[in-house]
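I opened my notebook for a look at how two chains meet. Here is what I looked up, entry by entry.

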Amino acid sequence: MEIFNVLNFDLIPLTLRLAVPIALAAIGGTLSERSGIINIGLEGMMLTGAFGAVYGSFLTGSPWFGVIFACLAGLIIGSIHAVLTIKYKANQVVTGVGINILAMGFTTTMIKVIWGKEGMSDEVNNLSDVSIPILKEIPLIDWLFTDQSPLTYFMLIVVILSWYTLFKTNLGLNLRAIGDHPRAARISGINVTKYRYTCVMLSGLLAGLGGAFLSLVQNSLFVQNMTAGRGYMALAANIFGGWNPLGSFVASLIFSFAQAIRFNMIGYNIPDQFIQSLPYILTLAVLVGAGRKTRAPEALGEIDE
Amino acid sequence: MKLKDIIGGISRSESVKDVYISLFSILLALIIGAFLIFLIGSSPLQAFTVMLDGAFGSVSNIANTLTKTIPLIFTGLAVAVAFRCGLFNIGAEGQLYLGAFFSVLTALKFSFLPAFLLLPVAILGGIISGMIWGGIPGFLKAQFGTHEVVVTVMMNYIGINITSYLVNYPFKAEGWVAQTDIIPTAAILPKLIPKTQLSAGLIVAVIAALAVYFLLWKTDIGYEIRAVGENQTTAESGGINIKKNISLAMAISGGLAALAGVTQSLGVYERFIDGFSPGYGFTGIAVAVLGRNHPLGVILTALLFGALETGALKMDRVTEVSNDLVIVIQGLVILFVAAPEIIRSILKRRESQ
C-alpha cells in the first residue's frame, strides 16, 4: 500500500507546522493590502523578524524575549514601509523591493558584526514546544495539543481574530471600505491614514513573528536569507486565499502540504522543483481563472488625495 | 545632440530635478552607510577608500567592476522599458534564468553550426525564451487584466525552478555540481581584456542601451509604448492598441532581462549553473528607478552598483566591514528614490534656511 507510505499521519502535524510562518505573513499581507497598501516587502519583514528573534534570544538568553524582539523588528520595518508609502506616497512596489534588499543586506552585515561569522549566527536558546494537559488525551485531535509551538496557537488565534474583525465588526467594515473606495471612506468620516498605518505596521509584526518561527522554532539560529522566498509564498497565499485571513490560512496549508509530502516522497520520482513551484502555479491559475472577477481590494496600490 | 535630446522627450527642468533626486538619494544612502560603518567600529573613510581602490585601483579591478555592471545594465533596461509602458516587471530574475539556460542549451544543441553563427544563434535562443517568459504576464495583463506585478513574482519562482529542474536532471553534467556541460568555444563571448572576466557582453549591453533609446524615442513603436505608459485613455482615443503594446513592452522587457543571464552564461561561466544570479533582476529595479528609466541613467547607475559591489569585496577582505553593507546601501538608495518627497522636503528645508 504505497499510498499509505506517502500519506501517513505525521503529515498533518508537519503540514500545520510548515504553514505557521507562511500563514502569519500571509495574514499580514491581507491586512496591509485590505488597507490599500501593496506589500511586496513581506519577505524582508520575515527575514528581519527571524534575525530579531535570534538576536533577542542571544542577548537575554530567553527565547520569549526573542519573540518580543521579532515583533519589534517587524514593527520597525513595517513602519518604514508605512511612512514611505503613506506619508511620502512612495511607489509601493519599489518600496517593498527596497525593503527586501535592505533587510537582506542589513541582517547579513549584522551577523558578522554580532557573531563575527559569515552567513550564520551562533546557536541560541530556541522556543520549546508545549503539550496541553487533558486536551492531549483526546483521540484524533491529540496531535494538535501535543508538542506544538506556542506560536502555532498564536497563529490560529490570529487567523480567527483577524477573520472575525475583518468580516464581522465595524472596524473590518471600515477597513474593507478603505481598500475598495478610500475616497468615499474618507468622506464618510473614517480616518483612512490611521487604519493604513495600523495595518501596514501589523503586517510587519505578523511577518516578523513568522520569521521568528523559522529561526527560533524550526531552527535555533539565524542563517543568511533563511526565509528563502517564504515571504513571496505568503504573498501568493494571500492572493490565492482571496485577501481573506481564513483563505490565507487555507492557502498556506495547501502550500505546506505540498512541502510536507515531499519528505515522504523520497524515492518517488517527483522532482523537488515541481513541488516548489506548485504554490505559484496554483496561484497563477486562480488569478487567470478569476480574471477581472478577482477579489483584490479595488483601490489596491492607489493612494488618493 | 543637445542634452534635452539625450534625456528624451521630458522637459529639461523636470529631468534635471529628477537627476538631483537620484544624486541626493545616493548621497544620503552613502552617508547612512558611512554612519553604519562608524557604528560597527570601523573608519568610514578607510572603508570607502578601500572600496574605491577595489573598484577602480587597477586594470583588473576595473574589469571586475565592468563585469558586474553588464547584467545590471540589462535588467535595468528591462525594468525601464516596462516602466515606460506603465508596467512593473518584477520578473526580470526569472526571465534572466530562462535566457541563460536556453542560450546555453542552444549553444550545446546547435554546435554543428558554423563557428561565426553559433554565438548569435545562442544569444537569440536566450532572447526568445526571455521574450516568451516576459510576454506571458504582458499577455495576461492585456487579455484578462491580471496584475503584472503578481504574475511576474509567481513566474520568477516557476522560471527559476524550471531551469533548476532542467540542470539537475536532463541536462546535468557529470559530477556533483548542478551545471550543464561547458559550451563550445565558438559560443563563448570573447574576452575584452585577457585574463579577466570582462567579456564582449559589455559591448552587447551598450548596444542594447542604444537600441532601447532609439526604439523608445525614435520609432513609432516606442512612441506608442510611451503613450500607453503616460495615459492609457488618451492613447486609446488616439487610436493606439493598448493590448498589443502592453504585450509587446513586456516581451521586449523579458528579452532584455534574458540578456543579463545570456551574457553571464556565455561570457563568464561558459555554461549554465543552477542558482547563479545573486538577484540581478531585483537590483535591476533599483537601477531603473535610480536611472530614471532612461538608458543613459541605467548605464550610469549600473556602473555605480557594479563599482560598489566590486569595491565591497576588497573592503570585506581588508576591513572589519562585511561586503553585504553595500546591499544595505543599495536598499537605502531604492527607498529614497521610491520616495522623492523625502529628498524634496530636505532640499526645500535647505532653501528656506
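**The A–B contact**

I began with the contact, which takes 38 residues from chain A and 44 residues from chain B; contact here means heavy atoms within 4.5 Å. A note on ground rules: this is a predicted model, where local features need pLDDT of at least 70 and side-chain atom pairs count only at pLDDT 80 or more, while totals for chains, interfaces and linings use all residues. Residues are numbered from 1 along each chain as its sequence is written, chains are lettered from A and ligands numbered from 1 in the order in which they are written, and side-chain values use heavy atoms, with hydrogens and water left out.

Next I looked up the buried area (accessible area, 1.4 Å probe, that two parts lose on being put together, summed over both). Chains A and B bury about 3600 Å² between them, and 79% of that is on carbon and sulfur atoms.

**Salt bridges and polar contacts**

I took a salt bridge as a side-chain nitrogen of Lys or Arg within 4 Å of a carboxyl oxygen of Asp or Glu. Between chain A and chain B I found one: A:Lys112 pairs with B:Asp316, with the closest N and O atoms 3.5 Å apart.

I also noted five residue pairs in polar contact between the two chains, both residues at pLDDT 80 or more. A polar contact is a pair of N or O atoms within 3.5 Å; within protein, one must be able to donate a hydrogen and the other to accept it, and residues adjacent in sequence count only if both atoms are side-chain atoms.

Which element gives the largest share of the side of chain A that touches chain B? That is H5(A), with 14 residues. Helices are DSSP runs (H or I, at least four residues), numbered from the N terminus.

Over all chains, the salt bridge count comes to nine. I picked out A:Arg17 with A:Asp129, whose closest N and O atoms are 2.7 Å apart. This pair links distant parts of the chain, 112 residues apart: A:Arg17 is in helix H2 (residues 11–34) and A:Asp129 in the loop between H5 and helix H6 (150–168) of chain A.

**One residue in chain B**

Last, I visited B:Leu215, which lies in helix H8 (residues 201–218) of chain B. Leaving out residues up to four places away in sequence, B:Leu215 touches B:Ile221, B:Gly222 and B:Ile252.

Notes:
Helices (H or I, at least four residues) and strands (E, at least two) are DSSP runs, numbered from the N terminus.
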